[in-house]
Amino acid sequence: MDQPAFDESMPTGGNPLEVDVNAQYSGFEYHYIYLVFCSFIVWLIIPGLGFLYGGLSRRKSALAMLFQSLLVAAVVTFQWMFWGYSLAYSRTAGPFIGNLAHFGMIKVGFAPSIGSPYIPDLVFCLYQLFFCACTVMIVVGGSFERGRIIPSLVFGFSWATIVYCPIACWTWNPNGWLYNLPSLDFAGGGPVHISSGWSALAYAFVLGKRKHQGEKSYNKPHNVSLVFLGTMFIWFGWFGFNGGSALNGTLRSMLAVFNTNTAASCGVLGWVLVDYIKHQRRFSIVGACEGAIAGLVGITPAAGYVSVWFAALIGFLTAVVCALLQDINKWIRIDEGLDVFKLHGIGGMMGSFLTGIFATSSISSLDGATLASGGIDGNGIQVVKQLAEITAISAYSFVVSCALLYLLGYIPGLHLRVSNEVESMGMDLDQFFDEQIGN
C-alpha cells in the first residue's frame with residue numbers, strides 16, 4: 001500500500017461531499033486511532049498538574065491552582081485554534097517561527113499532517129494542542145501562592161504565542177533550525193520542559209518572594225494525597241505524551257512507552273535513595289512523587305532514541321541530580337516554591353544532554369525510517385548539538401518571559417501579584433466567591 005501523501009491542490013484533504021477523505025488512510029487507520037487515544041490520556045496531565053500543585057500549596061491557596069488547570073486548558077485551546085498551531089506547524093514556516101497560513105484553523109482538515117503522512121492534520125493539531133496546554137500549566141506554577149489569576153491567564157496566552165510556539169517550530173517543524181541542526185528531541189525536552197522550567201523561574205523572579213512571615217506551613221504541602229493523585233495522573237498521561245510522539249503505531253512507539261515507565265520507576269528509586277541517606281533512613285511520599293516526575297522529564301527527549309537500560313540510567317541520574325539540588329532556590333535566591341525549575345528546567349537539560357550521549361540508530365530505526373545516533377554510536381558531535389539546543393531554549397525562554405511579565409505588569413488591571421493582605425489570608429478567599437478546598 002502507498003502511504004498517504006499531501007496534495008497541495010487539496011490542502012484540507014478534499015471535499016467530503018465529493019471524495020472519500022478516509023480512502024487515503026485505508027490500511028493505515030491504526031496510526032491515527034492510536035494517536036487519538038494518546039491525545040486523550042495526555043489531557044489527563046493537565047488536571048494532574050492541578051492536583052499536584054494544589055496539594056503542594058498551602059490549604060488557603062490550593063483552590064487557585066486547581067482552578068487554573070481548568071482555565072489553562074480552555075485558554076490554550078482557543079490560542080491554539082486562533083493562531084498557535086499555525087505559528088508552530090505551518091508548512092511554510094521559517095526557521096524560527098511559522099506564519100499565519102492556518103490562522104483560525106484555515107486549511108486544517110483531513111490531509112496528511114506535517115508531522116506524519118499517516119496522521120490527519122486535525123488529529124495532529126489536537127495532539128499538539130495538549131502538549132501546549134500541559135506546558136503552559138507547568139509555567140503557571142511559577143505564580144505559586146502570590147500570582148493573580150487573570151494576569152496569569154493573559155500571560156499563559158501570550159507565553160504560548162511568543163515562547164512555546166517559536167520553540168516548537170525550531171524543534172519539530174521540518175523547517176525549524178533545531179530540527180535541521182539536528183538536535184534530538186523525541187517528545188519535548190526543550191519545548192516543554194526546558195522552556196517551562198526557565199519561564200517558571202522567570203515568573204517567580206519577577207513576582208518576588210512570598211511574604212511568609214515565619215508561618216509553620218511555609219513550604220509544606222497541605223495535602224500529600226493530592227500530590228500522590230496528581231503524580232499518578234501525570235505518570236499515566238506521560239504514556240501518551242512519549243508513546244504518541246513517534247506519531248505512528250510502530251514498535252518505536254511501543255519502546256518509548258516502556259522507556260517511559262522504566263525511567264519514572266528508576267527516578268522514584270533515585271530520589272528515595274537520596275532522601276533515605278540524607279534523612280537518616282526515613283522516606284518522603286512527596287520526594288518519591290518528585291522522583292517519578294524527574295524520571296519522566298529526563299526520558300522525554302530520549303524515549304524513542306535509547307535502549308531500556310539507558311532509559312533506566314537516564315531516569316535514575318536525572319532524579320538523583322534533582323534531589324541533590326533540593327536547596328537550589330536558596331542558592332539562587334528566587335522563591336520558586338513548586339520546584340518547576342528544578343524538575344523541569346534542570347531535569348529537561350539533563351535529559352537533553354544524556355540523549356546526545358545515549359541515542360542509537362538501532363532504536364530510532366524501529367519506526368522503519370528514522371536514523372539518529374549519539375555519542376554511543378561514535379557521533380560525539382551530537383552532544384554539542386544538544387548543548388546548543390539547551391543554551392538557545394534556556395536563554396530565549398528566560399529572557400522573553402521576563403520581558404513579557406514586566407510588560408504585562410505595566411498594563412492597567414494586569415498587575416501580577418496579589419496584595420500582602422491577600423497573600424496572608426490566602427488566594428482562595430480573595431479569588432473565589434463561595435468555595436474553599438475540602439478538609
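I began with the bend at a residue, which I took as the angle between axes fitted to the seven residues ending there and the seven starting there. My helices are DSSP runs of H or I with at least four residues, numbered from the N terminus. Looking along helix α5, residues 149-172, I found that it bends by about 40° at A160. I then noted that 20 of the 24 residues of α5 are buried, where buried means under 20% relative accessible area and exposed over 50%, with a 1.4 Å probe and protein chains only.

This is a predicted model, in which local features need pLDDT of at least 70 and side-chain atom pairs count only at pLDDT 80 or more, while totals for chains, interfaces and linings use all residues. Residues are numbered from 1 along each chain as its sequence is written, and side-chain values use heavy atoms, without hydrogens and water.

R281 has a phi of about 65° and sits in the loop between α9 (251-278) and α10; I count R281 as exposed because its relative accessibility is 66%. D339 has a phi of about 60° and lies in the loop between α12 (328-332) and α13, but I count D339 as buried because its relative accessible area is 11%.

I also looked up the peptide bond from L181 to P182, which is cis with omega near -10°, and I placed P182 in the loop between α6 (177-180) and α7 (189-207).

Terms used. Helices (H or I, at least four residues) and strands (E, at least two) are DSSP runs, numbered from the N terminus.
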